[in-house]
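Below is a briefing on one protein chain, arranged by topic for reading beside the sequence and the model. Please look over the structure before turning to the notes.

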Amino acid sequence: MKIIVTGCKGQLGTEIIKQLREGKSEIGPIPEKLQSATVIAVDLPELDISNYKAVDDYIRRYKPDVIINCAAYTNVDGCEVNHDAAYKANALGPRNLAQAAEKMGARLVHVSTDYVFSGRENGGVPQDEACLPGPISAYGSTKLMGEKYVERFCHRHFIVRTAWLYSYYGKNFVKTIVSAGRKYGRLEVVDDQLGNPTNAVDLAHEILQLCVTHEYGLYHCTGEGVCSWYDFAKEIIRLSGVEASVAPCTSEEYKAKHPDSADRPRWSALDNRALRCGSVGNHVRPWQEALECFFAHWDGDNGMKD
């Protein structure tokens, strides 16, 4: 089997390639069909997925069985001021990959986000795949358009929504909180935005289980359990051992201090119903357990302990 991983330098792309090369994750083995897979890892500047001809030529040249698209413009605030760049990466890129995959008969896994929801649809109950989205930011709207393009142009697709992703690799909320805690000793974090922290290990594991099946469609894949950013930050500081305090603040208070920041959903918790009810199953860990495992293995920088 031949697999192309776009966005290979990011958090998720790096983790997927690691699991493919090692044949396992912290959760368990990857599917047998992938144990000897040929992995083609690509990112900018080698391939710009927003360039239709470049994508078409690349997919024709390598003839993959599976394409896993981890490429995206994920800077939520940046998307508000760079809407064209967000649209190219988050909408046109998936469209181009979907069309190229369809021509080749390849399966396409496209990673999306909880920010396709407004946070008002179903407050208090995690949203499953049947809930209708309604984004309130440029990031969310461009990611939703990417979903629609994938669904429209590639029959063999898996759209996998995730949330609050962190990893041993790259920049993320966990590392930001640890660094800020060390630097300032006191943090303020919003306590009225709730969702699901997700370890990239868990997401990568489930994607690799899915991509060898024919159970195409829409999936949610996030850490089990719901918390606020404030709850998440408190647990990060506790597990890190950093001497710092974490105080709650409201979204309005945060917005007053950061007026250019994009609106975020107040409630974007997802339910992994499609995974749970399908043959693959939901092996994603409770978010507290996955975070504790992260700190047991993180080297404190940009990787894992030896």
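**Cysteines, a helix, cores and salt bridges**

C70 is buried, with a relative accessible area of 18%, where buried means under 20% relative accessible area, exposed over 50% and partly exposed in between (1.4 Å probe, protein chains only). This is a predicted model, in which local features need pLDDT of at least 70 and side-chain atom pairs count only at pLDDT 80 or more, while totals for chains, interfaces and linings use all residues. Residues are numbered from 1 along each chain as its sequence is written, and side-chain values use heavy atoms, with hydrogens and water left out.

**Cysteines**

- With a disulfide taken as a pair of cysteine sulfur atoms within 2.5 Å, the count comes to 0 disulfides.
- C70 is in no disulfide, and the nearest cysteine sulfur, which belongs to C8, is 9.0 Å away.
- C277 counts as exposed at 63% relative accessibility, and its sulfur is too far for a bond from the closest cysteine sulfur, that of C131, at 14 Å.

**Helix α1**

- Helices (H or I, at least four residues) and strands (E, at least two) are DSSP runs, numbered from the N terminus.
- Helix α1 covers residues 11-22, and its 12 residues should span 16 Å, which agrees with the 17 Å between its end C-alpha atoms; the expected span is 1.5 Å times one less than the number of residues.
- The buried residues of α1 are Q11, L12, G13, E15, I16, I17, Q19 and L20.
- Among the elements that cover these buried residues are strands β1 (2-6), β2 (38-42), β3 (66-69) and β4 (107-113), together with helix α7 (200-210), contact meaning heavy atoms within 4.5 Å.
- Just after α1, G23 takes a positive phi of about 80°.

**Nonpolar cores**

- A nonpolar core is a set of buried Ala, Val, Leu, Ile, Met, Phe, Trp, Tyr and Cys residues joined through side-chain atoms within 4.5 Å.
- The largest such core has 37 residues, of which V174, V189, F232, I236, L291 and F295 touch the most other members.
- The elements that give two or more residues to this core include α5 (138-153), α6 (173-184), β7 (186-190), α8 (229-240) and α11 (287-297), and the largest share, 6 residues, comes from α8.
- Leaving aside residues up to four places away in sequence, F232 touches W164, Y166, F173, V174, P197, C227, W287 and L291.
- A second, separate core of 29 residues includes I17, I30, V160 and L208.

**Salt bridges**

- The structure holds 17 salt bridges, each being a side-chain nitrogen of Lys or Arg within 4 Å of a carboxyl oxygen of Asp or Glu.
- R273 forms a salt bridge with D128, and the closest N and O atoms are 2.7 Å apart.
- Because R273 lies in helix α10 (residues 273-277) and D128 in the loop between β4 and α5, this pair ties together parts that are 145 residues apart in sequence.
- R273 counts as partly exposed at 38% relative accessibility, whereas D128 counts as buried at 14%.
- Through shared partners, salt bridges join D128, D271, R273 and R276 into one network.
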